[in-house]
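Subject: Structure for you to look at

Hello,

I am passing a structure on to you, with notes on its strands and helices. Please open it alongside this message.

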Amino acid sequence: MISEVVLQTLEFDKVRDQLARHAAFSASRELVAQLHPSTDGQWVLQAQIRTSAARALIESFADVSIGGARDVRPAVEHARRGGILEASRVQEIASTLAAMRRLRGQVLRNHPDFVPLHPLAEQLPNLATLEHEIERTIGPDGEVLDSASAELGRLRSAIRVAFNRLQERLQAIINSSQYADVLQEPIITVRDGRYVVPVKAPQRRALRGIVHDQSSSGATLYIEPLATVELNNQWRELQLAEREEIQRILAALSGKIASEGMPIIIGVEATAELDLAFAKAKYSISLRASQPLINTPAPADDLHPESTVSLLKARHPLLNQDVVVPTDVWLGGPTQMIIITGPNTGGKTVALKTVGLMSLMAQSGMHIPAHQGSRLPIFGKIFADIGDEQSIEQSLSTFSSHMTNIIQILDRVTPDSLVLFDELGAGTDPVEGAALARAIIERLLNVGCLAMATSHYAELKAFAYSTDGVENASVEFDVETLSPTYRLSIGLPGRSNALAIAERLGLKRDLIERARATISRDNVQVEDLLAAIHRERSTAETEAARALELREDAELVRDRLSRELYEFEQDREQQLASYQRQLDEELRDVRAELRRLRDEFRSVSVSRQWMEQAEQRLSRVSERVPQAPTPPKAKPPVVPKVAIAPAPRTIQVGDQVFVSSVKLSGVVLDLDEEASEAEVQLGGFRLRVDLRELRLEKAGTAPTQAVQKYMPAQRMINTPPPPPNVSMQLDMRGWRASDVENQLDHYLNDAYLANLSEVRLVHGKGTGALRQVVRTLLKRHPLVESYNSGSQGEGGDGVTIAKMSTR
């Protein structure tokens with residue numbers, strides 16, 4: 001258990017005050033006031049995880065809140081004891097129920113980061129029926145609604161009627177000329193819940209009625225006219241009946257609340273716990289804090305793998321986070337104690353309080369203002385002797401007060417304790433004070449606890465240097481600006497800057513030299529050595545920072561070059577693939593033209609002159625055939641060692657094959673291995689296709705009669721020509737509308753003779769003019785049975801599929 005004195009010494013109460021500002025309602029603020037560091041490691045770890053989950057929820061959903069919730073536990077307890085709640089209290093309970101229902105839905109989202117909050121959210125009740133019943137009965141202003149019951153609605157309607165009648169009768173009296181001289185003023189007022197008129201005292205007998213009050217001077221009497229007594233009575237009776245009905249309604253609602261009292265109380269407590277977690281999360285965000293590691297193994301790249309306390313860029317939470325100088329602290333393992341030396345106001349005490357306050361915050365389930373990866377143990381006890389504890393009442397000096405506190409600490413310290421001493425051994429003779437400080441440090445080393453202390457004694461620097469388990473540290477001081485840097489350097493003792501400061505302030509040179517001469521030679525050499533070490537360390541840090549910047553710049557350049565190289569390779573491969581596709585298309589077109597010329601040569605009777613012309617045309621077309629570029633050598637793929645399957649059988653004459661370009665099956669009639677082509681019989685027409693477009697469906701043994709009847713025989717000169725070899729697709733993109741009729745008509749005739757069932761006309765989308773001309777011709781063409789647009793995968797409105805008439 002950590003004492004309240006230590007909490008006040010380390011200013012933990014101020015941290016709680018800052019945390020309370022982020023709490024949303026009184027129940028959670030009570031939890032903040034009761035927040036105390038725990039020594040239960042499991043509780044601390046769970047509290048840290050819960051704070052991290054709350055922060056993740058808030059950062060993911062900014063609208064998460066407990067808006068509308070109130071601490072209604074006293075009202076619910078009153079109802080459970082049989083009491084009748086006021087309408088405003090009932091309305092607060094309804095608002096709280098609605099807030100808990102919304103909060104339950106917000107927290108119980110299906111996200112792994114929010115799971116640690118689910119046990120609390122599951123305790124929030126979902127009493128929608130009771131909530132709606134209250135909302136139907138009590139209005140937002142806390143008044144019972146007319147719709148709460150039929151009787152209440154009837155009574156309030158009767159009250160309004162009775163009130164109007166009463167007002168009409170009183171208005172008639174004050175407006176009557178008969179009572180013009182009798183009334184002090186022509187107004188209607190209320191006395192003791194009854195409506196009256198002000199009458200002049202001397203004229204009291206001119207208006208018969210009941211006197212309810214008189215003015216302070218006695219000149220005015222407030223009289224209820226006899227003519228309105230009965231109307232007043234009716235109005236008051238109806239009001240009393242309304243009040244009784246309201247009490248009955250509130251009693252019924254209070255009974256329903258009492259029946260659900262325990263779930264509501266548990267829900268309020270769970271809401272307070274959730275709001276406490278939200279407050280810790282908001283405080284963590286405001287401090288730019290992080291979750292510390294609690295009792296976990298150190299990472300492999302940690303500079304101090306055996307340290308128990310490892311704070312990275314830690315900042316005191318009560319200082320301005322924008323200007324406070326962060327510090328690194330490691331303590332534990334081979335370093336059991338740190339002795340910090342340096343000038344006053346240099347930040348020694350802040351360093352002590354930072355470590356102590358970080359430990360208290362971590363053990364209270366709060367994140368700490370330090371970088372991710374900071375680590376803290378669970379301290380069973382924390383002791384602190386910081387500041388001037390001089391007691392005038394007890395006639396104790398500063399030294400006596402500190403020694404009294406130190407004695408109590410030494411009597412109670414345990415191995416799992418953290419001890420913080422400020423100005424250890426100060427307030428007495430330096431020689432005796434240094435000796436006493438060494439004895440106290442040795443006692444703490446024997447106990448085995450972790451400790452930090454500040455001191456001005458030079459003897460303790462040497463003691464720390466020569467004693468295992470003790471490490472020197474210092475707060476740096478800038479002699480040029482005569483101001484501390486507040487940076488903590490572990491491993492180097494602090495230097496004495498008195499002479500340097502005096503010289504910078506203008507003390508004469510001869511006095512400086514005279515003072516320096518009185519210092520022992522050993523002390524001067526030590527100070528000079530420390531100064532040199534500080535300079536070399538500063539230079540090394542500067543060079544390391546510069547090297548880190550250069551390394552980061554080099555990594556950025558490397559990443560940029562890698563990205564540009566990757567983009568270049570991708571672009572090169574895409575361009576090569578595009579060129580290859582374009583070349584394949586040109587080769588296919590040229591081969592088709594060669595086939596047409598060859599077929600013309602075979603199927604017609606020709607003269608010598610025609611033969612010479614055809615040879616010339618064939619030569620020109622052959623010259624147009626481009627040479628395919630040699631593709632770049634690809635790296636041989638790494639083939640796993642598996643059983644090698646037999647090579648697939650090559651296509652032969654008589655095989656049944658599938659032609660991928662037209663998506664039809666046919667029989668191979670002829671093979672041209674030099675041109676890598678085959679002639680295939682597809683239904684009633686023949687087609688010459690590239691061997692790469694064929695896929696073997698069924699192998700044939702030898703040309704059967706069914707195949708032989710399609711195989712070409714030696715043609716006689718008088719044999720009629722075969723059907724024309726017509727492509728199933730006609731690309732008309734770029735045509736003029738005037739060219740469509742003749743060329744499309746010729747193509748449709750050839751397609752009809754080739755017995756094609758349908759053809760694909762590619763005209764593109766563009767303005768739609770070419771498509772309109774094509775479809776107008778198709779609509780009236782005798783060889784076209786029907787037409788329609790291509791499907792999404794076939795080109796859509798840029799393509800027309802025409803179904804040919806059957807021959």
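This is a predicted model: local features need pLDDT of at least 70, side-chain atom pairs count only at pLDDT 80 or more; totals for chains, interfaces and linings use all residues.

Residues are numbered from 1 along each chain as its sequence is written, and side-chain values use heavy atoms, with hydrogens and water left out.

Helices (H or I, at least four residues) and strands (E, at least two) are DSSP runs, numbered from the N terminus. Two strands pair if DSSP finds at least two bridges between them.

An open sheet is built from four strands in the order E1-E2-E4-E3, with antiparallel pairing. Strand E1 (189-191) and strand E3 (209-214) are at the edges with a single partner strand each, so one side of each has no neighbour in the sheet. E1 is joined to strand E2 (residues 194-200) by three bridges, and arginine 191 is opposite arginine 194 in E2.

Helix H9 (residues 150-175) lies across E2 and strand E4 (220-225), at about 5° to E2. Helix H10 (residues 226-259) lies across E2, E3 and E4, at about 70° to E4. Contact means heavy atoms within 4.5 Å; axes are lines fitted to C-alpha atoms, for helices over the stretch in contact, and angles run from 0 to 180 degrees between N-to-C directions.

Elsewhere, strand E15 (residues 656-659) and strand E16 (residues 664-672) form an antiparallel pair over four bridges. Four residues separate them in a hairpin, and lysine 663 in the turn has a positive phi of about 60°. Five bridges join E16 to strand E17 (residues 677-682), also antiparallel.

Regards
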